[in-house]
Amino acid sequence: VYIFLLITTNRAPNLNRTENEKYFYDPRTNSKYKFPVISDPASVDITVVVPSYNEEKRLPAMLDETLEYFKKRMRKDKSFSYEIIIVDDGSKDRTTQVALEYAKGESNDNIRVLKLDYNRGKGGAIRIGALSSRGKFILMVDADGATKFEDIEKLECAATNLRKKYSKDRPIIVVGSRAHLEDDSRTIFRTFLMYGFHFLVRFLCVKGVKDTQCGFKLFDRAAADILFHSMHVNGWAFDVELLYIAETLEMPIAEVAVNWTEIEAGLKWDEIL
């Protein structure tokens with residue numbers, strides 16, 4: 001694992017982005033606007049970052065569930081605000097067009113599409129999305145919709161509990177976990193790979209998190225700023241590095257069980273693990 005990461009990872013964090021990647025297109029006004037940066041003050045409650053590579057088929061169901069949840073929440077709490085940033089990681093299909101169709105039906109305050117000029121890998125896509133966010137909290141979510149979106153409330157509850165224990169300026173992270181599903185919701189092959197990978201991760205680096213690979217993680221703005229500016233790994237193992245950095249910096253981390261469904265179509269390595 002160490003040799004693989006040494007060969008495939010940049011020595012310094014790659015924070016470069018093209019000029020095009022600094023802007024998003026608003027299909028309602030046919031105009032381009034510049035993304036904010038994470039050092040700006042937060043202006044919405046939650047940013048959802050959705051890394052997407054060739055996800056034209058799976059993205060709509062995930063967005064439908066997410067938007068339905070947020071609209072219900074806004075009806076209950078008029079002060080609540082959110083944004084969804086769909087990061088097209090150099091897709092070869094109609095991912096961007098599908099995302100823009102959703103953006104056209106909403107407003108650029110709610111859905112923004114960040115199209116990368118070339119493929120970065122899942123970690124790189126999430127990094128750029130997070131660094132372009134406006135949220136007090138940043139939630140990373142997989143485009144396959146494997147995690148029930150309303151479980152965001154479990155993560156927010158855990159974040160509130162962490163905030164009660166630590167000072168307001170202490171960066172915090174809440175990690176969704178599928179560890180409780182290991183014995184009954186996975187194929188034998190996936191369970192074998194998962195146990196082997198998680199053993200290596202716990203042995204070599206991340207000690208305090210059982211499921212490092214669940215694509216449902218919540219960061220407060222301070223944690224996201226530090227971690228995504230420090231991350232080197234752009235591929236599927238980026239979660240391990242993020243959590244390793246967080247543990248090294250003694251950031252409080254909570255792990256919360258979430259409802260998760262195995263999605264077979266188009267599985268990627270991070271979904272298998």
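# Briefing: a mixed sheet and its helices

Helix H2 (residues 59–76) lies across strands E3, E4 (82–88), E5 and E6, and runs at about 170° to E4. The model is a predicted one. Its 7 strands form an open sheet with mixed pairing.

- From one strand to the next, the twist averages 20°.
- Strands of a sheet pair through backbone hydrogen bonds, and the pairing is either parallel or antiparallel.
- Strand E3 (residues 44–52) and E6 run parallel and are joined by 5 bridges. Within this pair, Ile46 has Phe137 in E6 as its bridge partner.

**Strand E8**

- E6 and E8 run antiparallel, with 5 bridges joining them.
- E7 and E8 also run antiparallel, with 3 bridges joining them.
- Lys217 in E8 is the bridge partner of Met140, and Lys217 is also the bridge partner of Val175.
- E8 is mostly covered, as 5 of its 5 residues are buried.
- Phe216, Leu218 and Asp220 point one way from E8, while Lys217 and Phe219 point the other way. Residues pointing either way are buried.

**Helix H7**

- The buried residues in helix H7 (residues 221–230) are Arg221, Ala223, Ala224, Leu227 and Phe228.
- These residues cover an arc of only 150° around the axis, which puts them on the same side of H7.
- An α-helix has 3.6 residues a turn, so residues three or four places apart point the same way.

**Asp142**

- Asp142 lies in the loop between E6 and helix H5 (152–165).
- Asp142 has a relative accessible area of 13%, and buried means under 20%, so Asp142 is buried.
- The side chain of Asp142 makes a polar contact with the side chain of Lys122, at 2.6 Å.

Technical notes
Residues numbered from 1 in each chain as written. Predicted model: local features only at pLDDT ≥ 70, side-chain atom pairs only at ≥ 80, totals over all residues. Heavy atoms only, no water. Buried < 20%, exposed > 50% of the residue type's maximum accessible area, 1.4 Å probe, protein only. Helix = DSSP H or I, 4+ residues; strand = E, 2+ residues; numbered from the N terminus. Arc of directions from axis to C-beta. Pairing = 2+ DSSP bridges. Axes fitted to C-alpha atoms, helices over the stretch in contact; angles between N-to-C directions. Contact = heavy atoms within 4.5 Å. Polar contact = N/O pair within 3.5 Å; in protein donor to acceptor, adjacent residues only side chain to side chain.
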